[in-house]
Amino acid sequence: HGRRKGPVVGRARQKRSGDDDEDEGEEGRRGAMDDPWTPSGSGVNGGITSGDMGGPGLQNATRGDLPAIMNGQFGKAFEQSFKEFAQRPENKVLLEKHQRKEVKKAARLARKTKYAEFQDKVLTADYDAQKNIAPFLENRVLRRVIHTFCNDPHNDFSKWANNRQVLDLLHSAKKMMDEGRMTEDEAEEMMYQIVSSPDREWHHEWKLKTKQSVRLPTEQLLGALNEHLEERRKGNDFYRQKKFGEALKQYERALGIVELVVGMSGYDQKEIDKNRIATYLNIAAVNLAVKNLGQCIAFCGKAIDLDGGNIKALLRRSKAYTMRHEYASAKEDLERVKDLEPWNAEAEEELRKLRKAVEKSKVEQKKFYGGIFQQA
């Protein structure tokens, strides 16, 4: 080492005075490597790139931004910056593909976690609970039903595994499937219809128990919403062609996505709810077209629960009420629209139709009862 040091120092002394600037530049570059807050020069205006800091929202971050980042004020700027980054043509396609993969990965991880919880619940349940569910675990549909017992609000798996009504339901479904009188899909639909019936005393608890969701950050949520919009677009195409059955399937797929995901910020959740409302209205429109009026009213009600002043939902529900001869309810919805939008021409037209329907109903009732009294 001593032999090499001398020549190096000697060469350094022979440098021209102009080389001092090069030394300072080299020293500055080394300092920049040591200091992560020094602009790297590879980002926008010499800022830090998404690869350096994990996201486009921090591209122009400096040392002075550290307090804002630490206390969370940088979040809104990050969301806005990421959206701009995602909308660039050169990034959009690849980003959407990556986001779809991330959504699927998150869903797979959630399933694995739930399966591990399921195993733990079964193995730690009391003896009677284990004995009760054992005959059903080999059946795909019934195992999925039992799996949902893990979601009990009070973490009481055994309560459901020892519930006589639930066990009778499982036994009936298994017997019909074993005898070939019902397919697995039919059995699953039957069980869903039974447990979701409001007149069952455990309906509310079952609804809480079976609700599942995946919390997604903004970048992954964008991919999920893009997939949702594609399903709705296909549904709209079928609807315009009056292929209402196919349209309904696409809308239900779209709804499945936005009912699965949960936003990690208030802004993200508003975007999810906005798309949920639109899908509820799509499904309501299909049901109105095929005169399935009860479902139309139900889905309009879901939209109104999220947005009490939704004009489309109120108008659509009023039409269904009128067709069901529930004139008082129809009038209530239309008056609500008039309160919100006094100039709404569609509401005026529907009120005119409603008055005409009421008059026609009175005439028909008068004829009917008059005929009865004349016969008497």
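## Helix α17

Helix α17 covers residues 311-323, which is 13 residues. Helices here are DSSP runs of H or I with at least four residues, and strands are runs of E with at least two; both are numbered from the N terminus.

Asn 310 caps the N-terminal end of α17. One of its side-chain oxygens sits 3.3 Å from the backbone nitrogen of Lys 312. After α17 comes His 325, with a positive phi near 65°. Buried residues of α17 include Ile 311, Leu 314, Arg 317 and Tyr 321. Buried means under 20% relative accessible area, exposed means over 50%, and partly exposed lies in between (1.4 Å probe, protein chains only).

## About the model

This model is predicted, so local features need pLDDT of at least 70 and side-chain atom pairs need 80 or more, while totals for chains, interfaces and linings use all residues. Residues are numbered from 1 along each chain as its sequence is written, and side-chain values use heavy atoms, without hydrogens or water.

## Lys 338

Lys 338 belongs to helix α18, residues 327-340. Is Lys 338 buried or exposed? Lys 338 is buried, because its relative accessible area is 18%. Leaving out residues up to four places away in sequence, Lys 338 touches Asn 344, Ala 347, Glu 348 and Leu 351. A contact means heavy atoms within 4.5 Å.

## The whole chain

The chain has 19 helices and 2 strands. Of its 376 residues, 36% count as buried.

Note on methods
The expected span of a helix is 1.5 Å times one less than its number of residues. A polar contact is a pair of N or O atoms within 3.5 Å; within protein, one must be able to donate a hydrogen and the other to accept it, and residues adjacent in sequence count only if both atoms are side-chain atoms.
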